[in-house]
Amino acid sequence: MNQNQRKIFIINDQQIIHELSPTFYHDFILQTAGVQLTDFKGQRLRLAEIHLEVGSEGPSSIITAEFRYLFVSDDGALDKTLFAEFIQSGIDAVKNNTANDPESAYRKRFFWSPTHDEFKTLMSLALKKEMSSACKVMESYTLPIDNSDPMINGIRKMLAAFPGIRVVGNNRSLHFWSITLDIVNSYGLISLLFLREGLKHEQVKSASLTLSSPDNDMRYVLSCNSFADVKKVSVWMIYIYQKRLQYKDMNSQSTCSCGE
């Protein structure tokens, strides 16, 4: 039976990511004696709290992801004054119905938005069974893009229009074509879910269309081993794109579920 799990990461100004155990974080927030972040005295750290679904093989899906600041006092303990302001600001935002408004003072002051590379690295780390040591944010690389086939190029452009997805390359050979994409924010996790569910559609089963993550991170490859099915895939892509645009949480701060 699957269970929920919480993972907490912090990023410092040098783009180094550390994982905090939920127990340590809980004690830090409660200001338990002796629980301090001595290496980060007087800093405003970027914190990512990620909730996952975990099965027998380890983390299997991302349920929610929230990115907020953690304020550390000059002695390495929780900055009680700023934490109290964070709590009160949150209560006021809920009362004013602005808790999820990215332009609200609450969101601008106490929350942050990860870059594409930060998001990919954090999500990849969350989906691993464990993080043995601190690591640096991974820098993404871009692959060549082949625009020689108008139909495949059209699929590439359609895929790039999905919220939260960035196409970083495509390729064609004598026997297959592929498009490589990155999931770069929470909206992209929902888009990925639509694409993966869409592969069950009868329209593409015969095309042997696949979507895989070769490196088990937030980079995926959409590939097809038949040029004869390009038009069929194009029609399918339009259908999935329309369904994605109709999704109710597309223009709001989303909770998301995404299998790895």
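Predicted model: local features only at pLDDT ≥ 70, side-chain atom pairs only at ≥ 80, totals over all residues.
Local features need pLDDT of at least 70 and side-chain atom pairs count only at pLDDT 80 or more, while totals for chains, interfaces and linings use all residues. Residues are numbered from 1 along each chain as its sequence is written, and side-chain values use heavy atoms, with hydrogens and water left out. Helices (H or I, at least four residues) and strands (E, at least two) are DSSP runs, numbered from the N terminus.

**Helix H5 against helix H8**

- Helix H5 (residues 150–160) packs on helix H8 (residues 230–245) at an angle of about 15°, and their axes are 10 Å apart; axes are lines fitted to C-alpha atoms, for helices over the stretch in contact, and angles run from 0 to 180 degrees between N-to-C directions.
- H5 is therefore roughly parallel to H8, where angles under 35 degrees count as roughly parallel, over 145 as roughly antiparallel, 65 to 115 as roughly perpendicular and the rest as oblique.
- The crossing of H5 past H8 is left-handed, meaning that the near helix is turned anticlockwise from the far one by less than a right angle, with clockwise giving right-handed.
- From H5, Met151, Ile152, Ile155, Met158 and Leu159 meet Val230, Lys231, Val233, Ser234, Met237, Ile238 and Tyr241 of H8 (contact means heavy atoms within 4.5 Å).
- The residues of this H5–H8 contact are ten nonpolar, one polar and one charged; Ala, Val, Leu, Ile, Met, Phe, Trp, Tyr, Cys and Pro count as nonpolar, Asp, Glu, Lys and Arg as charged, and the others, Gly among them, as polar.

**Helix H6 against helix H8**

- Helix H6 (residues 186–198) and H8 pack at an angle of about 135°, with axes 10 Å apart.
- H6 is therefore oblique to H8, and H6 passes H8 in a right-handed crossing.
- Tyr187, Ile190, Ser191, Phe194, Leu195 and Gly198 of H6 meet Trp236, Met237, Ile240, Lys243 and Arg244 of H8.
- The contact of H6 with H8 has seven nonpolar, two polar and two charged residues.

**Cavity**

- There is one cavity of 30 Å³ or more, a cavity being a set of points on a 1 Å grid over the protein atoms alone where a 1.4 Å probe fits but cannot get out.
- The largest cavity holds about 80 Å³ of space, the volume being the space filled by probe spheres set on the points, which are joined across faces, edges and corners.
- Its lining residues (an atom within 4 Å of a point) include Tyr25, Arg68, Asp79 and Phe86.
- E4 gives the most to this lining, with four residues.

**Aspartate 79**

- Aspartate 79 is in the loop between E4 and H2.
- Aspartate 79 touches Phe71, Val72 and Ser73, not counting residues up to four places away in sequence.

Conventions: 1 Å grid on protein atoms, 1.4 Å probe; cavity = no way out; pocket = protein on both sides within 12 Å on 5 of 7 lines; lining within 4 Å.
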